[in-house]
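Hi,

Please find the structure below.

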Amino acid sequence: MPSPLENIGQAVRTARKGMGLTQPELAAAAGVGLRFLVELERGKPTVRLDRLLAVLNALGLELQVAPRGRSQSGHAR
């Protein structure tokens, strides 16, 4: 089972490719280093939250926090 950061990394990669952006283009748009973006997409277990949020913002994505064991609709899984 992928870790939460692996899931986020995959979502970032999918959104980036869907927008037709290269890693260097997204890194520049988000104001983060290329190395950070590469590590984020690989699911590095430690990332800086401010940089993660900058990448998500550049992609038009947001981070949501929800109770464990609940789907986005609020129902138990």
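The model is predicted: local features need pLDDT of at least 70, side-chain atom pairs count only at pLDDT 80 or more, and totals for chains, interfaces and linings use all residues. Residues are numbered from 1 along each chain as its sequence is written, and side-chain values use heavy atoms, without hydrogens or water.

Start with the helix pair. Helices here are DSSP runs (H or I, at least four residues), numbered from the N terminus. The axes of α2 (residues 23–30) and α3 (residues 34–41) come within 9 Å. They cross at roughly 110 degrees, with axes fitted to C-alpha atoms over the stretch in contact and angles running from 0 to 180 degrees between N-to-C directions. That makes α2 roughly perpendicular to α3 (65 to 115 degrees).

Contact means heavy atoms within 4.5 Å. On α2, Q23, P24, L26 and A27 make the contact. On α3, the partners are L34, L37, V38 and E41.

Now burial. L26, A27 and A30 of α2 are buried (under 20% relative accessible area, 1.4 Å probe, protein chains only). Seen down the axis of α2, these buried residues fall within an arc of 100 degrees, so they line one face of the helix. The arc is taken over directions from the helix axis to the C-beta atoms. The buried residues pack against α1 (4–18), α3 and α4 (49–59). A28 and A29, on the other side of α2, are exposed (over 50%).

Best regards

Note on methods: Helices (H or I, at least four residues) and strands (E, at least two) are DSSP runs, numbered from the N terminus. Angles under 35 degrees count as roughly parallel, over 145 as roughly antiparallel, 65 to 115 as roughly perpendicular and the rest as oblique.
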